[in-house]
Amino acid sequence: MALLAIACGVAAPAAQANGNFFVAGQAGQATYEDSGLSEDKANTSALSLGYRWQAGSIVQIGLEAGGGKVDEISEGFSYSGDVYSEEARVGFDVRYAHLGANARFSFGPNSRWFAIGRAGYMAYEQNLNASYRFTYNDPFLSQFNGSESVSESEDGGGAYFGAGIGVDVTPNFNVNVMFNGYAYSPMDENGELEDDSSTANTTTLGLELRF
């Protein structure tokens with residue numbers, strides 16, 4: 001959050017300084033520290049846009065906003081008995097929006113290589129989906145065969161942060177690798193959303209266009 005405070009403090013006096021708008025996209029893999037499921041990895045993607053002011057010969061500091069998603073992770077369960085059988089599947093995915101600070105630090109006045117730092121606030125929606133199919137093997141009970149599905153959503157918020165390294169392919173276009181951290185509410189052993197926060201992280205390949 002210190003990076004966000006610095007950017008806000010610099011924004012007013014640097015409003016007349018040179019800078020760039022930017023659009024950045026990221027794609028990669030998310031890993032949950034405590035998902036509550038046996039599966040803990042999923043694909044992720046995000047899009048950000050913002051503006052960075054020149055704060056020194058090798059430093060730019062600015063603001064960013066955007067959104068992203070983490071694809072569903074899931075786990076299947078099954079039970080089979082002489083009379084009764086059941087199959088179940090539980091999973092969840094995440095959509096989020098973010099607002100924060102974004103800083104770029106070149107490795108030298110003429111270097112094409114740079115580091116990126118970012119931090120801010122994230123608002124998210126976590127969607128939990130569960131489906132059940134139950135079957136009675138006894139023909140006298142087959143009328144009770146059926147299926148059921150349940151969906152639940154949870155809204156929340158928290159901090160995010162990220163750091164990475166990149167290289168300018170052209171003066172207005174770069175490629176970067178980022179590590180990002182996020183907060184989320186995990187599920188317990190019953191597949192229910194908990195109030196306590198846990199963490200997830202993403203490793204992504206990013207593209208940025210400045211104009």
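The legends below describe close-up views of a predicted model.

View A. Asn 127 lies in strand β5, which spans residues 113–136. With a relative accessible area of 16%, Asn 127 counts as buried, because the cut-off for that class is under 20%. The side chain of Asn 127 makes a polar contact with the side chain of Ser 153, at 2.9 Å. Leaving aside residues up to four places away in sequence, Asn 127 touches Gly 91, Phe 92, Asp 93, Glu 152 and Ser 153.

**View B. The salt bridge between Glu 208 and Arg 52.** The side chains of Glu 208 and Arg 52 meet in a salt bridge, with an N to O distance of 2.6 Å. This pair links distant parts of the chain, since Glu 208 belongs to strand β8 (residues 198–210) and Arg 52 to strand β2 (residues 41–54), 156 residues apart. Both Glu 208 and Arg 52 are buried, and for Glu 208 the relative accessibility is 3%.

View C. Asp 168 forms a salt bridge with Arg 210, in which the closest N and O atoms are 3.4 Å apart. Here too the pair links distant parts of the chain, with Asp 168 in strand β6 (residues 146–170) and Arg 210 in strand β8, 42 residues apart. Both Asp 168 and Arg 210 are buried. Glu 208 also forms a salt bridge with Arg 210, and the closest N and O atoms of these two residues are 3.5 Å apart. Arg 210 counts as buried because its relative accessibility is 7%, where the class requires under 20%. Through salt bridges that share partners, Arg 52, Arg 104, Asp 168, Glu 208 and Arg 210 are joined into one network. A search of the whole structure finds 7 salt bridges.

**View D. The largest nonpolar core and the contacts of Tyr 96.** The largest nonpolar core has 18 residues, and those with the most contacts inside it are Tyr 32, Val 70, Ile 73, Phe 92, Val 94, Tyr 96 and Met 122. The elements that give two or more residues to this core are β1 (19–32), β2, β3 (59–80), β4 (84–106) and β5. Phe 92, named among these core residues, is also one of the residues that Asn 127 touches. Tyr 96 touches Ser 45, Ala 46, Gly 67, Gly 68, Lys 69, Met 122, Ala 123, Tyr 124 and Tyr 182, again not counting residues up to four places away in sequence.

Terms used: Residues are numbered from 1 along each chain as its sequence is written. This is a predicted model: local features need pLDDT of at least 70, side-chain atom pairs count only at pLDDT 80 or more; totals for chains, interfaces and linings use all residues. Side-chain values use heavy atoms; hydrogens and water are left out. Helices (H or I, at least four residues) and strands (E, at least two) are DSSP runs, numbered from the N terminus. Buried means under 20% relative accessible area, exposed over 50%, partly exposed in between (1.4 Å probe, protein chains only). A polar contact is a pair of N or O atoms within 3.5 Å; within protein, one must be able to donate a hydrogen and the other to accept it, and residues adjacent in sequence count only if both atoms are side-chain atoms. Contact means heavy atoms within 4.5 Å. A salt bridge is a side-chain nitrogen of Lys or Arg within 4 Å of a carboxyl oxygen of Asp or Glu. A nonpolar core is a set of buried Ala, Val, Leu, Ile, Met, Phe, Trp, Tyr and Cys residues joined through side-chain atoms within 4.5 Å.
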